[in-house]
Amino acid sequence: MFDKIWARHVVAKGPGGHVLLYIDRHLLHEGTTAAFGRLAKSGRRVRRPDLSFATADHYVQTSPGTPTADAEVRAMVDSLGRHTTDQGIVYFGVGDPRRGIVHVIGPEQGPTVPGITLVCGDSHTATHGAFGALAFGIGSSEVEHVLATQTLWQKKPLTMRISVEGRLGPGVNAKDVILAIIAKIGAGGGVRHAIEYAGSTIRGMSMDERMTVCNMSIEAGARAGMIAPDETTVAYLEARPWAPRGEAWSRALDSWRALGSDAGAAFDREVELAAGDIAPTVTWGTSPQDALPITGRVPDPAAAGDPGRRESMARALAYMGLRPGTPLAEIPVDRVFIGSCTNSRLDDLRAAARVAQGRRAVVPAWIVPGSGLIKRAAEAEGLDRVFVDAGFEWREAGCSMCVGMNGETACEGERVASTSNRNFEGRQGKGARTHLMSPAMAAAAAVTGRLTDVRTLTA
Amino acid sequence: MPPFTRVTAVAAPIDLPNVDTDRVIPARFLRKDKNVPEYSSFLFHDVRFAADGTERPEFVLNQPPYRGAQIVVAAENFGCGSSREAAVWALAAYGVRAVLAPSLGDIFHQNCFKNGLLPVILPGDVTAGLRRQLHERPGATLTVDLETQTVTAPDGARHRFDVDAFRKEMLLTGRDEIALTLGFESQIREFEARHAREMAWAVPPRPSA
């Protein structure tokens with residue numbers, strides 16, 4: 001699948017195996033507005049504004065009624081609005097119900113479709129690979145390059161297929177699958193690779209779940225992660241505002257149905273996991289690879305063979321304020337965050353609501369929907385009432401506490417049960433301690449005040 | 001972009017694997033213009049400075065022999081995580097010209113090339129050996145030569161590294177990549193015409209109101 005998409009987008013060949021790759025879709029957010037400024041300064045225009053889509057998510061606050069915290073942020077958001085209007089780029093701005101996290105609204109509005117190349121100045125762009133697109137994150141200079149030329153100079157990555165087979169146990173879901181994958185191959189295991197996720201477990205997932213898996217490819221080091229499109233993909237995309245229509249839709253379907261990897265396709269690396277081996281998973285350290293089943297204990301650095309690993313584990317435990325041997329399910333939490341481009345979609349909110357229903361949060365717990373439309377859809381199902389009745393805070397759409405740049409952060413030393421994608425030191429605020437987990441597990445932590453095996457609540 | 005040819009400079013060892021770009025520059029500084037004079041102080045800010053702004057003496061760049069190092073010798077997967085090019089801008093603002101590691105985060109790796117900073121991939125035993133020498137002889141210098149694709153260690157050993165021919169040429173000349181690509185305008189236009197025939201559905205429709 002990767003090779004098919006790559007081959008269809010080569011504009012020219014350069015030296016050293018580099019090719020000039022055509023970019024079908026460019027997603028923009030207010031954190032990438034500097035590229036517009038540099039473009040204007042050099043007197044260049046956006047080559048294909050019709051292939052670009054923009055929204056404000058990273059810096060916008062999610063407290064109802066106060067979208068921007070200060071004049072500096074307001075200027076960034078206004079600047080994106082101005083540049084996109086000037087250049088004729090579709091923009092979902094503050095006040096537009098379609099506004100939301102860039103990786104949520106790309107699929108929701110339909111610019112994200114199978115078989116295309118898609119980039120965004122954000123490392124979680126692999127999310128869109130769930131549709132069978134070749135989607136990867138880029139830096140600010142590359143954003144400017146795409147705006148000006150609609151291309152990028154790229155070297156073909158290696159390919160890796162990760163197959164997950166079998167049925168997931170109760171209380172186990174897509175987040176647990178990707179955390180288990182990262183724990184298995186390591187935070188650098190996918191460096192220089194594009195991953196294809198395959199197998200019956202992946203095929204059985206909804207689009208929301210597939211996006212959760214692809215989203216965290218970068219946490220295993222891979223810029224791109226993708227899943228072959230199938231009827232689940234097609235059903236999701238049909239009639240989305242920017243998805244192909246009429247004659248184009250039927251031609252697209254023909255193309256998408258032939259996109260999957262051929263039987264016998266070769267990959268540079270193959271990895272296999274059994275769904276039955278995966279338990280509800282949480283992280284204990286400061287890298288997404290530091291993940292264990294909730295039934296486990298905080299590991300002992302002394303047991304690590306490699307001295308470098310020993311030192312980094314000890315450092316992680318010191319930062320996290322944890323002692324080796326502590327059962328993970330006994331770790332108290334101060335705060336819960338359910339949201340982010342990893343886990344803020346309707347399936348995620350439903351899973352959290354099933355746990356919250358009839359229970360009571362004992363620590364501050366935020367629910368941040370991925371888009372204004374998801375918020376509305378959840379409200380139409382009454383999920384907001386479930387959360388509010390259980391003492392959770394129901395907020396506006398945005399990146400919020402995942403990204404640590406919009407003022408929504410945890411305090412120094414606070415321990416957060418979070419459905420986001422990164423537990424790096426300082427990610428959710430200076431000195432904040434993050435444990436990554438699924439929405440159901442985060443909701444369970446909210447109602448008990450500690451990391452909790454969700455299966456003990458739902459059983 | 002400043003060209004890169006050859007740099008001989010003090011090198012600082014960073015032993016921790018998986019140093020993420022949030023650590024290289026915390027998110028709260030990303031809104032700052034990269035040309036502000038204090039930009040170099042954002043580099044490794046939260047591990048380099050205490051809450052009161054004083055230096056943490058244990059951090060390598062705060063130790064006098066390594067202060068102002070222009071080369072960093074890192075461990076596996078340095079620069080992983082966020083796509084923030086600010087991680088490279090902060091390194092460049094501090095004066096770093098080359099980062100040597102057994103592997104680098106893919107996006108960080110690409111971002112280096114756009115800012116005249118040379119990423120050098122060397123086997124893990126070589127980078128571990130270099131870091132050991134830098135610990136044993138604080139303030140020792142390395143030479144990184146892009147023309148000959150070699151790193152000369154403090155002990156005089158020379159290590160060859162691979163670099164992509166395209167990226168090498170761009171770094172040696174400091175050429176503007178966008179200007180180069182705009183020279184491919186006719187190929188891009190031909191591609192778009194063919195693409196519009198073969199994958200017409202790939203252009204999003206204007207939504208019907």
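Modeller: A residue is buried if 20 or more other C-beta atoms lie within 10 Å of its own, exposed if 12 or fewer, and partly exposed in between, with C-beta atoms placed from the backbone. This is a predicted model: local features need pLDDT of at least 70, side-chain atom pairs count only at pLDDT 80 or more, and totals for chains, interfaces and linings use all residues. Residues are numbered from 1 along each chain as its sequence is written, while chains are lettered from A and ligands numbered from 1 in the order in which they are written.

Biologist: Why is Ser41(B) called partly exposed?

Modeller: Ser41(B) has 16 other C-beta atoms within 10 Å. Ser41(B) sits in the loop between α1 (21-24) and α2 (45-48) of chain B. From Ser41(B) to Thr152(B) is 111 residues in sequence and 29 Å in space, C-alpha to C-alpha.

Biologist: How do you know that β1(A) pairs with β2(A)?

Modeller: Pairing takes at least two bridges found by DSSP. β1(A) and β2(A), residues 18-22, have three bridges, so they pair, and they run antiparallel. Lys13(A) stands opposite Val19(A) in β2(A).

Biologist: What makes β1(A) and β8(A) stand at the edges?

Modeller: The open antiparallel sheet has three strands in the order β1-β2-β8 of chain A. β1(A), 10-13, and β8(A), 151-155, each have a single partner strand, so one side of each lacks a neighbour in the sheet. On average, neighbouring strands are turned by 30 degrees against each other, direction ignored.

Biologist: Why are α12(A) and α15(A) called roughly parallel?

Modeller: Axes are lines fitted to C-alpha atoms, for helices over the stretch in contact, and angles run from 0 to 180 degrees between N-to-C directions. The axes of α12(A), residues 346-356, and α15(A), residues 439-448, come within 8 Å and cross at roughly 30 degrees. Angles under 35 degrees count as roughly parallel. So α12(A) is roughly parallel to α15(A). The contact includes Ala351(A) and Val355(A) in α12(A), and Ala443(A) and Val447(A) in α15(A). By class, this contact has 10 nonpolar, no polar and one charged residues.

Biologist: Why are α6(A) and α8(A) called roughly parallel?

Modeller: The axes of α6(A), residues 174-185, and α8(A), residues 207-215, cross at roughly 20 degrees and come within 8 Å. That angle puts α6(A) and α8(A) in the roughly parallel class, therefore. Ala174(A), Lys175(A), Val177(A) and Ile178(A) of α6(A) meet Glu209(A), Thr212(A) and Val213(A) of α8(A). This contact has four nonpolar, one polar and two charged residues.

Biologist: How many residues does each chain give to the contact between chains?

Modeller: Residues are in contact if their C-beta atoms, placed from the backbone, lie within 7 Å. Chain B gives 49 residues and chain A gives 60. In chain B, α1, α4 (106-113), α6 (165-173), α7 (177-182) and α8 each supply at least two residues of the side touching chain A. Helix α8(B), residues 185-198, lies across β1, β2 and β8 of chain A, at about 145 degrees to β1(A).

Notes. Helix = DSSP H or I, 4+ residues; strand = E, 2+ residues; numbered from the N terminus. Contact = placed C-beta atoms within 7 Å. Parallel < 35°, antiparallel > 145°, perpendicular 65-115°, else oblique. Nonpolar A, V, L, I, M, F, W, Y, C, P; charged D, E, K, R; others polar.
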